[in-house]
Amino acid sequence: MSTIAHDHHDHHDHKPTGIKRWLFSTNHKDIGTMYLVFSLIMFFIGGSMAMIIRAELFQPGLQFVDPQFYNSMVTVHALVMIFGAVMPAGVGLANWMIPIMIGAPDMALPRMNNMSFWILPFAFALLLGTLFMEGGAPAGGWTMYPPLVLQTGKAFPFLIFAVHFLGVSSIMGAINIIATVFNMRAPGMTLMRLPLFVWTWIITAFLLIASMPVLAGAVTMLLTDKYFGTSFFNAAGGGDPVLFQHIFWFFGHPEVYILILPAFGIISQIIPTFARKPLFGYASMVYATASIAILSFFVWAHHMFTVGLPINGELFFMYATMLIAVPTGVKVFNWVATMWKGAMTFETPMLFALAFVILFTIGGFSGLMLGITPVDFQYHDTYFVVAHFHYVLLTGAVFALMAAIYYWLPKWTGHMYDEKLAKIHFWLSAIFSNVLFFPQHFLGLAGMPRRIPDYSVQFADFNMVSSLGGFAYGISQLLFVYIVIKCVLGGKKATGQVWEGARGLEWTLSSPPPFHSFTKPPKVTKALMDY
Amino acid sequence: MHLNKCMARFLSNFAVILSALFLLSPDILHAAWGLNMTQGATPISHDVYNMHMTSLYVCTAIGILVFGMMFWSIFHHRKSKGVKPAKFSHSTTVEIIWTLIPFAIIVSLAIPATKLLARMDDTSKSEITIKATGYQWKWKYDYINEDLTIYSNLATDSVEASQRDSGIDPKTTDNYLRNTDTALVLPVGKKIRIMTTASDVIHAWWVPDLGWKRDAIPGFINDNWTIINKEGIYRGQCAEICGKGHGYMPIVVKAVPEKEYLAWVQETKLALKSKKDSGDKELSMDELKTKGEAVYKANCLACHQANGQGIKGVFPALDGSPLANLKDRIPEHIHQVIYGKNNMPAFGEQLSDTDIAAVVTYERNVWGNKTGDIIQPKDVAAGRKK
């Protein structure tokens with residue numbers, strides 16, 4: 001082995017094998033793969049919790065679980081999906097694609113990259129372990145509002161430290177992405193030539209660095225309130241339970257953009273490829289993303305319109321929230337303008353991207369409605385909100401992630417996936433996610449609050465429809481796993497270009513790309529990125 | 001491809017099962033499909049409904065326009081029709097237009113919203129003041145002007161039907177999970193201020209027909225108001241997760257003419273007074289156990305469970321517990337019901353001496369607890385003085 005290493009002037013080509021390859025990996029592709037696999041596992045763990053929720057809500061009356069356990073499912077489902085499925089999937093894609101897209105050999109900080117991934121399984125071991133503890137898993141909602149969260153039993157410190165670890169992991173991932181993009185771009189890859197996916201990720205990384213420490217502070221205050229006699233959030237001790245909500249949502253709102261901005265980037269890569277036309281309004285897309293990110297720090301209190309803010313505060317947050325619709329609208333218009341007069345084909349990534357544009361926009365509409373304070377007093381904490389955030393997170397963020405995986409899977413594996421099965425997967429997902437979530441708008445408007453294990457009989461019908469949609473959506477995702485495994489194991493050889501209309505550095509490499517993407521920096525010209 | 005076939009068979013079986021489920025469930029066929037927000041019973045709730053519909057129409061119109069463009073493109077600008085892709089990639093004019101138009105739409109929505117919010121915020125000139133306090137898991141209502149306090153628990157038939165595997169069909173239960181033992185009675189046509197607060201964790205007070213909800217937060221008092229125009233019974237429930245009983249703390253508002261309201265206030269005051277005064281009476285074991293069971297269902301069952309086993313690690317068991325079995329701990333047992341302990345709330349204020357005597361007697365003589373202890377109201381009265 002040492003003789004082989006001597007043939008090269010650095011030891012970069014040192015490739016450990018077996019378990020060591022994964023445990024000690026400093027390679028952006030291997031770490032990206034681990035992130036994606038981890039995220040898929042979490043998607044199914046979180047998804048099975050959603051199945052329990054929908055089974056209990058299938059009809060009125062309590063059939064399967066106790067209310068306390070139901071609340072645990074609601075809480076842990078959210079934490080697993082947000083921190084375990086969607087965020088790691090985004091980081092996994094960033095790991096795989098950013099070095100390749102900017103013409104770098106690897107990430108700037110490969111050891112830190114390894115650490116930021118390997119924290120995750122331990123963090124989730126802490127969190128999921130609470131399911132087997134006396135008193136059960138956290139059951140106060142993922143938002144961890146005191147005083148309720150302080151009633152958590154032995155699971156409490158595990159919840160807090162799991163959140164701390166997840167924050168540390170995310171911050172390290174974010175630093176790595178910023179360091180990579182700012183230091184390792186190939187000559188000619190100017191900032192305004194960066195692929196949109198890279199742009200959205202830089203902005204996401206800044207959001208992560210700005211917001212994660214705030215969450216860490218908030219949960220630490222919970223910890224000291226519970227065990228060290230402080231009264232940050234305890235009214236009886238001079239504290240303020242609403243303060244927690246302000247701090248939490250100062251993290252929480254940027255967090256929702258952390259989940260969706262990389263999705264915007266993915267869609268901005270995929271639509272031009274399959275429309276065979278450059279992205280319309282590249283610069284305005286970058287500015288719109290940045291505006292959304294900046295505005296996201298000024299809208300947090302729209303999650304808490306009903307806590308009794310002074311009217312001036314409510315007006316400020318209403319105006320700021322409605323304002324976000326403008327840059328978001330610009331992005332949607334630009335996507336539609338990119339399709340306009342293109343020459344479109346409809347492979348699976350494009351189907352998911354088109355569904356994203358429509359369904360995310362529907363989620364955006366309900367978001368605009370929720371932003372109108374006097375009406376939010378009716379919508380708040382109902383199934384209308386549940387429908388809203390599942391439209392933007394499931395048919396939004398998750399659909400974009402699915403699109404990205406179909407889009408880049410041939411590049412990663414060197415094989416084409418089974419297009420026919422993938423299209424079936426798309427249609428099942430698109431139809432049943434709507435059967436699942438669209439009726440929840442009606443439930444919320446009719447007066448059904450969220451996070452209840454049982455409900456009045458007037459809500460029975462739409463709940464049953466929603467549950468059936470949920471089971472069907474859940475089972476359809478097994479097809480996705482099957483397609484991915486099949487593609488990894490074999491299939492039609494993929495070319496380097498993969499898609500006829502694809503542009504950018506990743507398509508200049510072979511499929512699969514070499515272990516160290518660009519050992520010599522490529523020359524990036526305008527023509528390479530353009531049509 | 002063997003695997004492919006397996007997957008296909010699996011999917012088709014699944015589709016058959018799913019459609020069978022759809023067709024077999026009788027509820028799907030004849031159903032009350034509530035689609036939209038209620039217009040409600042107050043001037044504000046009508047305005048809120050109108051604002052909701054306005055924003056919905058605006059969004060629908062934008063949606064039709066944008067999705068229309070998109071589908072036009074999908075059908076006409078596709079490679080299979082042999083089109084050559086255009087080359088254009090930006091237009092500053094277009095970007096400015098589609099920034100300004102949405103901005104204008106948003107301003108046009110924000111103006112009426114601001115006016116409506118200002119009206120909802122103005123609690124001045126209220127004639128009646130109610131303070132609603134959330135507890136895990138019930139509501140307490142203080143009629144501030146009348147020196148009257150009532151507690152509102154989930155109705156007992158709903159409690160029974162909502163137990164896991166109760167065998168009772170929720171459809172046969174009167175307003176399942178949306179019915180209380182005591183309604184909040186309010187007069188129509190009066191401006192009523194409703195203040196919300198809580199004693200343990202955050203709750204939210206919500207009756208959709210009044211047009212708003214508001215959090216009930218320990219240490220805070222939030223101010224709201226309503227004028228109910230139509231007599232009737234309006235139902236709602238807690239809207240902020242507040243622990244395992246979150247789904248089980250309904251709100252029932254009964255709006256009646258003012259005369260009826262005043263009569264009800266007098267009647268209720270008298271009834272509460274006589275309940276408090278019955279302290280010297282001696283009751284038999286059977287009387288105490290029957291009454292105790294009802295008190296237990298309304299107040300204790302949510303945590304300590306129907307079988308008295310509690311929930312391990314969260315709510316202690318009563319069945320077989322030393323507190324509910326040892327003779328020398330009777331005073332402590334009574335004390336704990338009156339004053340609470342740790343997460344257990346104090347019941348001394350809302351339960352009469354007779355209620356507490358009954359429930360303590362019940363707890364000591366049910367399940368495996370066979371102490372034979374009889375607690376009389378005067379024992380509870382003695383416990384209060386300590």
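Author: What follows covers two helix pairs of chain A and then the side of chain A that touches chain B. This is a predicted model, in which local features need pLDDT of at least 70, side-chain atom pairs count only at pLDDT 80 or more, and totals for chains, interfaces and linings use all residues. Residues are numbered from 1 along each chain as its sequence is written, while chains are lettered from A and ligands numbered from 1 in the order in which they are written.

Helices (H or I, at least four residues) are DSSP runs numbered from the N terminus, as are strands (E, at least two). Helix H3 (residues 28-56) and helix H5 (residues 110-129) of chain A have axes that come within 10 Å and cross at roughly 20°. Axes are lines fitted to C-alpha atoms, for helices over the stretch in contact, and angles run from 0 to 180 degrees between N-to-C directions. H3(A) is therefore roughly parallel to H5(A); angles under 35 degrees count as roughly parallel, over 145 as roughly antiparallel, 65 to 115 as roughly perpendicular and the rest as oblique. Their contact (C-beta atoms, placed from the backbone, within 7 Å) involves residues including A:Phe38 and A:Met42 of H3(A) and A:Phe117 and A:Phe124 of H5(A). By class, this contact of H3(A) with H5(A) has nine nonpolar, three polar and no charged residues. Here Ala, Val, Leu, Ile, Met, Phe, Trp, Tyr, Cys and Pro count as nonpolar, Asp, Glu, Lys and Arg as charged, and the others, Gly among them, as polar.

In the second pair, helix H13 (residues 383-413) of chain A packs with H14(A) at an angle of about 165°, the axes being 7 Å apart. H13(A) and H14(A) are therefore roughly antiparallel to each other. Among the residues that meet are A:Tyr391 and A:Leu394 in H13(A) and A:Phe437 and A:Leu443 in H14(A). The contact of H13(A) with H14(A) divides into twelve nonpolar, six polar and no charged residues.

Turning to the partner, 91 residues of chain A are in contact with 93 residues of chain B. The residues of the side of chain A that touches chain B comprise 57 nonpolar, 22 polar and twelve charged.

Key: Two residues are in contact if their C-beta atoms, placed from the backbone, lie within 7 Å.
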